[in-house]
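Here is a short report for a first look at this structure. Keep the sequence and the 3D view open while you read.

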Amino acid sequence: MTISMQSFTLRFKIRESPPAFLMERLKSNRGAHVNSAYDPTLDEPPVYDNNFSNEEHRKVRPSVISAFGHDTLDRLPHIDFYRNEGSVSGHRAVRPSLQELHDVFQKNGAISVPETVKDDDETSDGTTPSDDLECAIPTEQNGGAKFGWIRGVLVRCMLTIWGVMLFIRLSWIFAQTGWGLGIVVIVLSCVVTTITGLSMSAICTNGVVRGGGAYYLISRSLGPEFGGSIGLIFAFANAVAVAMNVVGFAETVVDLLKEHNAIMVDEINDIRIVGCITVLLLLGIALAGMEWEANAQIVLLIILIMAIVNVFVGTAIPATESKKSQGFFNYNAKIFMENFTPAFRGGESFFSVFAIFFPAATGIMAGANISGDLRDAQAAIPKGTLLAILITGVTYIGVAVCVSATVVRDATGNITDLITPGTPCNGSAAAACELGYDFSSCTENADSACRFGSMNNFQVMTMVSGFGPLIIAGTFSATLSSALASLVSAPKVFQALCKDNIYTALHFFAKGFGKNNEPVYAYILTFIISVAFILVGNLNTIAPINSNFFLASYALINFSCFHASYAKSPGWRPAYKYYNMWLSLLGALLCCAVMFVINWWAALLTYGIEILLYLYVTVKKPDVNWGSSTQAVTFVSAVSNALSLSGVEDHVKNFRPQILALTGSARTRPALLDLAHSFTKNYGLCLTCEVFVGPRSEVLEEMNAGMETNQQWLRKTKRKAFYAAVACENFREGTESLLQATGLGRMKPNILMIGFKRNWKTASREEMQDYVGILHDAFDFEYGTVMLRMNAGLNVSHINEADDEMLKAAKEQQALDNDMQNGGKSKGLFRRSRKSSQVLMTRVSVCSPPPPQVAKMNEKLLEASAQFKEKQPKGTLDVWWMFDDGGLTLLLPYILTTRKKWKDCKLRIFIAGQPGRSELDKEEMKSLLHKFRINCSDINVIDDIHIKPRSESLKKLDDMIEPFLLQEGLKDTAQAEDMKKAHPWKITDEELSTFEEKTNLQIRLNELLQEHSKSANLIIVSMPIARKGVSDLLYMVWLDVLTKDLPPTLLIRGNHKSVLTFYS
């Protein structure tokens, strides 16, 4: 103890003053704290608590300096870092980013990290909080009623499962099946519900559970498509269940009125009147608040338990002669054994009887449906639901077995039907015979009017009980409790569904009122649906559909558990371990089977409605991301398929264009992206790539910010492409990285697509070298290469920037207007800005309309940029297949003709031919195309390519090339060498002379293109290869001359590996 106190004192003294190095850093920073996000008030020594109880302990300050002994930007692990933005259970703390930690010393500690997310409309990073239920902030955080597992789950589930079946139909079911198969019916029902309960327990312990019950569990597990479809029909099923239970109550009340000759109008209208009044009273209880509703449920539970106990007590009370004549004889082994075997009558079978009983077991979601009102839903739902299934299952079996041991199947109710002494007792009425009663007329005469016994009398429980009116009270309690539970469940589930805004037209019902956020609008809608079905609905027809709606949700809960387990996502870590993925799958299949057992057409109708809703949500694509198991399985499947594909060698028949398009930002060159997308569509890989040029520290933030933005834009505009970006010191190195590293296994680009560099004449030498160098790299890496040239250009980035500025200015103006209307109490954008008006004026001046000439050019550019997005008019695709490159120059235009946008364009083929054998060349090409199974409208053989270009074309070339010529031929040798060293990139006279024929070929081809393809929708030409040794400027001259003043032109060069074959 002495050593411990010494060390305690030593630690205390060491921590009394800051370390020397920290003092030095404080002085160098003029006394300011190094980390502005660190609370300087926590710099005093930690406070120790000397009031030790059983063991020594101390209060731990939540500061990093108290844990490590020095100041650091790092934070200790804490729950607040893992909350969602706007979490109802506390503010989300903001940990420093990796970049901030990485750069902290480089920036002299001048990094500020906010402690928590802002509570207003913006988060710390300027984004808008999610609309997920996890993030929803109620209008009042405190004061709402929260229930534990007993009142919130156990009581509700028991009350819903203990329905009118217990008092009215249970005895009839066991009379039909016998108590042997009857127990099987109950056990099988409990197996289905127990498996569902285990699956539900696993799901709800895999994270915080909010309001919404079955909808919340399914949607967060399988995604909005499944959750949205099942949520709507589940809420509707609960609303109809209110009507069904209320009608059951009303029928019992009307039967009592009929016995006492107190009918108001007639039986049907009396049921409607009593039903509507009852629903109105139940609505009043529900609107009064969850506390009132919970208290009402407790009262109903007490009455129900008393009624059940009353049955057990009644079976032990000696039977009167009247009860004996009605088939009740107290406990008797012979009666018990006689009731063991089944005795199906009236066309009933095991499955039909099971279908009648099973809806009684479908109340297991009553607790989960109010998950938002539970104190700890993760603990309450598993415990309360599974215990409710056990208690109610045992109760059903216990009551049924007691009745089976005391009541015979058939009885006349006539006390004079006694057995004649000496009469042999056999047949189905043998047990009653041995007890002195002759009920043989009930079985011998099919037309007999035996109204008593468990087979004939639905009021057996009332007869058996010790006090009959208590059974009626129990029936009232069972119907009203189930109706009340459904009346509360339907609005709660519906409100959660509407909050997620999956069905935008229903968002009105998401609004809540009061301290419990009660869905008043949803309550009213549920009331209207219930009253409608009470007044006009045929409940006998709707009952099987309603049961199937519940079963469909159970099936999806089981499947959700299986699916999440099968995906093996690291995020699937349920605290409840007593489940099995294959058992959950069995439960899902059992639920589907039971749906068809109950009613096959209702099952098909349920599936049909669910599929339609699923398709609706899929098409609408709600903007939510809940990390569903569907995403996890998609990822697993993608990895598995990619690995499988990597083990298969490439084959020419399976070649697909997989394009790496250098578009810059996804919005920068829309024509290039649209054409690339037309080649790949949904069947190939398309990557839109951007290279951020500059020091990595400067461009990294912009690149990271653009990753998600560009991918979202691609998804929003329905371009099936991926966005990739790299940061590099120069453009060529970045593209080289993309060419080498982009892709996964066989899912790797094989074609580089690039735009023609229109400003090559004015570009710097480095830009020119980078551009042509990229083409060299593509050839080195054996990429096919595609270059697009459009007269109006491709780059619309300056237009996008102007539009963004205009939009931002408009938003700022709106914010200023709102600020003025609110009396200067602004939020958000200008909360801390005193120069907002100056900023806005600057933006407006920047965003002023461009000059007319520039505006006209921009208009033409935008029109050209959208050219490949729209359906192409009737015309031609002219393919100038000059060189055999493996067939890529022919394959890509053929692929275009298979797309809807290009289906009206005919393919025309142009090839070079020798003079005098044009027809032979044409036939050979026609035969080759026939073998390739490629149709074209025309084949043209050009046999005059070798002719020298026209003089005016050569003059244009001379004018173009003149600024880039070295013209060393007029100088002496020494001067010529000096000029070559000073300007190594320029075109020498020797090079120009060496490649004169190649240059003239490009000029002549342009003349022929002008002559034959001036009106084509798209021209495809074999690209001249950028051979090593040819200067960059000369190669750009070739490309420019070849494609000048033409419709949209594609230069294509394959990697000289076959992409076409005529073998099967």
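## Two helices in contact

In this predicted model, helix H6 (residues 165-204) packs against helix H13 (residues 350-357) at an angle of about 125°. Their axes lie 9 Å apart. An angle between 115 and 145 degrees is neither roughly perpendicular nor roughly antiparallel, so H6 is oblique to H13.

The crossing of H6 and H13 is left-handed. Sorted by class, the contact of H6 with H13 holds 14 nonpolar residues, 3 polar and 1 charged.

## A mixed sheet

An open sheet is built from 10 strands. Their order is E3-E2-E1-E4-E5-E10-E9-E6-E7-E8, and the pairing is mixed. Strand E3 (722-728) and strand E8 (938-942) are the edge strands. Each of them pairs on one side only. On average, neighbouring strands of this sheet are turned by 20° against each other, with direction ignored.

Look inside the sheet at strand E5 (residues 784-789) and strand E10 (residues 1049-1053). They pair in the antiparallel sense, over 5 bridges. Arg789 stands opposite Thr1049 in E10.

## Cysteines

How many disulfides does the model have? The count comes to 0. Cys689 is in no disulfide. The nearest cysteine sulfur belongs to Cys686 and is 8.6 Å away, while a disulfide needs a pair of sulfur atoms within 2.5 Å.

Is Cys689 buried or exposed? Cys689 has a relative accessible area of 1%, so it is buried. Cys905 has 4% relative accessibility, and therefore counts as buried. The cut-off for buried is under 20%.

Terms used:
Residues numbered from 1 in each chain as written. Predicted model: local features only at pLDDT ≥ 70, side-chain atom pairs only at ≥ 80, totals over all residues. Heavy atoms only, no water. Axes fitted to C-alpha atoms, helices over the stretch in contact; angles between N-to-C directions. Helix = DSSP H or I, 4+ residues; strand = E, 2+ residues; numbered from the N terminus. Parallel < 35°, antiparallel > 145°, perpendicular 65-115°, else oblique. Left-handed = near helix turned anticlockwise from the far one by under 90°. Nonpolar A, V, L, I, M, F, W, Y, C, P; charged D, E, K, R; others polar. Buried < 20%, exposed > 50% of the residue type's maximum accessible area, 1.4 Å probe, protein only. Pairing = 2+ DSSP bridges.
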